Amino acid sequence: MNGIEKITARLIRDAQAEVDVINAEADAQCAAILAEYEAKAAEAYEKRIAKGKADCATRSERMAATADMEQRKALLAFKQEMVSEAFEKAAEAVATLPREKYIEFFASLAADAAISGKEKLLFSEGDKADTGAEIVSAANALLAAKGKTAEISLAEETVEVSGGFIMRSGNIEVNCTADTLVQLTRSSLSSQVAEILFS
């Protein structure tokens, strides 16, 4: 091997060593960059997973709260419906009392509602024919027993009501129908009725 070949071989070795060092540095840099981006990717992935879990938990809580609210609304609507039905049945029960009790109840109501004792009572067509005169007579008897004017009379005209009567004195009318009586007690008795129904 002559001198030129030795120099060439040495230059090649030195160049190869340099290439090896550069390659090693490049590999190290690539590994560092790869590790950095893998760490960033893992961190981003963990953040996304954590955010997804938090979003799911929040959505689940909202859905549970909404479902709970809807359930409470449905239960309240059901309770109100049952209370309304109870009052409707109460009005029906008053309107369908046995004849003697019906006369007694509405005569007492007429006597209590009378102010002048000269009022007119308007009944439904059926009640006017069946019990009207007896209610008027019984109401007058109650007023007379209290020493009050007892001149309540049966009106010529009739009204469309399911039970009870309308008391008229001049231009003033007092609604003493079964439906109205029950509705008037509804505000004061609703909570008690609900308690009885749902306790």
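The chain exposes about 14,100 Å², and carbon and sulfur atoms supply 58% of that area. Accessible areas come from the Shrake-Rupley method with a 1.4 Å probe, and for residues only the protein chains shown count as cover. This is a predicted model, in which local features need pLDDT of at least 70 and side-chain atom pairs count only at pLDDT 80 or more, while totals for chains, interfaces and linings use all residues. Residues are numbered from 1 along each chain as its sequence is written, and side-chain values use heavy atoms, with hydrogens and water left out.

**Overall form**

The secondary structure comprises four helices and four strands. Helices (H or I, at least four residues) and strands (E, at least two) are DSSP runs, numbered from the N terminus. Their order along the sequence is α-α-β-α-β-β-β-α. The radius of gyration of the chain is 47 Å, well over the 16 Å that the globule rule gives for 199 residues, so the chain is more spread out than a compact globule. That radius is taken over C-alpha atoms, and the globule rule is 2.2 Å times the number of residues to the power 0.38. Along the principal axes, the C-alpha atoms fill a box of roughly 155 × 35 × 30 Å.

Of the 199 residues, 20% count as buried. Buried means under 20% relative accessible area, exposed means over 50%, and partly exposed lies in between (1.4 Å probe, protein chains only). Among contacts (heavy atoms within 4.5 Å) between residues at least 6 apart in sequence, 73% join residues at least 24 apart.

**Charges and cysteines**

The chain carries 23 positive and 33 negative side chains, and the centres of the two sets lie 4 Å apart. Lys and Arg count as positive and Asp and Glu as negative; His and the chain ends are not counted. Each charge is placed at NZ of Lys, CZ of Arg, CG of Asp or CD of Glu.

The disulfide count is zero, where a disulfide is a pair of cysteine sulfur atoms within 2.5 Å. Cysteine 56 is exposed, at 55% relative accessible area, whereas cysteine 176 is buried, at 3%.

**Individual residues**

Leucine 75 lies in helix 1 (residues 3-95) and is partly exposed. Its C-alpha atom is separated by 18 Å from that of methionine 63, 12 residues apart along the chain.

Glutamate 100 belongs to helix 2 (residues 99-113) and is exposed. Between the C-alpha atoms of glutamate 100 and glutamate 134 there are 9.7 Å, with the two residues 34 apart in sequence.

Threonine 131 sits in helix 3 (residues 125-145) and is buried. Not counting residues up to four places away in sequence, threonine 131 touches Arg99, Tyr102 and Ile103.

Glutamate 160 is in the loop between strand 2 (153-154) and strand 3 (164-169), and is exposed. Glutamate 160 and asparagine 2 are 158 residues apart in sequence, and their C-alpha atoms are 136 Å apart.

| Residue | Relative accessible area | Class |
|---|---|---|
| Leucine 75 | 44% | partly exposed |
| Glutamate 100 | 55% | exposed |
| Threonine 131 | 2% | buried |
| Glutamate 160 | 85% | exposed |
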